[in-house]
Amino acid sequence: MRRIGAAACVATLVVVATLPACAQNLVIDTTAANSPFAVTAGNQTFANIIVGNTTTGTLNQSGGTLTANGGVFDLRIGANGGASGIVNLTGGVLTADQVAIGSAAGATSTFNLNGGRISAGQLATQGGTST
């Protein structure tokens with residue numbers, strides 16, 4: 001997991017794993033140089049969480065609470081064509097208003113639930129390949 005000191009408030013957070021409280025979006029992929037991204041403890045909330053935006057993104061959650069509360073498909077796994085999103089939930093709580101798995105044609109998405117809990121108002125598989 002990458003860690004840096006205090007970060008400035010930004011609209012979209014793509015690099016740091018120690019997160020400023022004001023970050024609105026968490027984008028996890030190799031282009032952002034923060035994949036794999038690990039959540040082991042604590043409570044973090046974002047408007048949107050995107051795992052695999054344009055390249056490969058991996059979210060490993062073994063504890064803590066990670067929340068996306070921005071509304072329409074605020075948790076996207078494999079967001080764009082050619083992207084690959086992988087979520088490994090082994091502990092903790094992953095919460096979202098709406099989850100889109102395989103958000104676009106040509107995207108690949110994998111969600112592995114081996115512990116923990118996912119709480120979602122809506123779960124949708126869309127244009128990509130999902131497992």
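Tutor: Residues are numbered from 1 along each chain as its sequence is written, and side-chain values use heavy atoms, with hydrogens and water left out.

Student: What is pLDDT, and what does the protein chain average?

Tutor: pLDDT is the predictor's confidence in each residue, from 0 to 100. Here the average is 81, and 79% of the residues score at least 70. Among the elements, strand S1 (residues 12-13) has the lowest mean, 38, while S6 has the highest, 96. Over residues 1-19 the pLDDT is below 50. In the model, this stretch has 39 contacts beyond near neighbours in sequence (contact means heavy atoms within 4.5 Å). Where pLDDT is low, the predicted coordinates should not be read in detail.

Student: How many helices and strands are there in the protein chain?

Tutor: Start with the rule. Helices (H or I, at least four residues) and strands (E, at least two) are DSSP runs, numbered from the N terminus. This chain has zero helices and eleven strands.

Student: Which strands pair with S5?

Tutor: Two strands pair if DSSP finds at least two bridges between them. S2 and S5 pair in the parallel sense, over four bridges. In that pairing, Asn 25 has Asn 48 of S5 as its bridge partner. S5 and S7 also run parallel, joined by three bridges. There, Val 51 is partnered by Ile 77 in S7.

Student: Which way do the residues of S5 point?

Tutor: Asn 48 and Ile 50 point one way from S5, and Ile 49 and Val 51 the other way. All of them are buried. Buried means under 20% relative accessible area, exposed over 50%, and partly exposed in between (1.4 Å probe, protein chains only). Across the protein chain, buried residues make up 42% of the 131 residues.

Student: How do I read a nonpolar core?

Tutor: It is a set of buried Ala, Val, Leu, Ile, Met, Phe, Trp, Tyr and Cys residues joined through side-chain atoms within 4.5 Å. The largest one here has 19 residues, and Ile 49, Leu 59 and Leu 75 touch the most other members. The elements giving two or more residues to this core are S2 (25-28), S3 (37-39), S5 (48-51), S6 (56-68), S7 (75-77) and S8 (84-101). S8 gives the most, with six residues.

Student: What is Ile 49 in contact with, leaving aside its neighbours within four places in sequence?

Tutor: Its contacts are Leu 26, Leu 66, Thr 67, Ala 68, Asp 74, Leu 75 and Arg 76.

Student: Is Gln 98 buried or exposed?

Tutor: Gln 98 counts as buried, because its relative accessibility is 18%. Gln 98 lies in strand S8. Beyond four places in sequence, Gln 98 touches Gly 71, Val 72, Phe 73, Asp 74, Leu 75 and Gln 122.

Student: Phe 73 is on that list. What is its phi?

Tutor: Phi of Phe 73 is near 40°, a positive value in a residue other than glycine. Phe 73 sits in the loop between S6 and S7. At 18% relative accessibility, Phe 73 is buried.

Student: What should I look for in the loop between S2 and S3?

Tutor: Ala 33 is partly exposed, at 35% relative accessible area. Pro 36 is in this loop too. A cis peptide bond joins Ser 35 and Pro 36, with omega about 5°. Thr 30 also has its place here.

Student: What does Thr 30 touch, not counting residues up to four places away in sequence?

Tutor: Thr 30 touches Ser 35, Thr 55 and Thr 56. The C-alpha atoms of Thr 30 and Thr 54 are separated by 8.5 Å, and these residues are 24 apart along the chain. Thr 30 is partly exposed, because its relative accessible area is 46%.

Student: How much of the contact pattern joins residues at least 24 apart?

Tutor: Take contacts in the protein chain between residues at least 6 apart in sequence: 55% of them join residues at least 24 apart.

How values were computed
This is a predicted model: local features need pLDDT of at least 70, side-chain atom pairs count only at pLDDT 80 or more; totals for chains, interfaces and linings use all residues.
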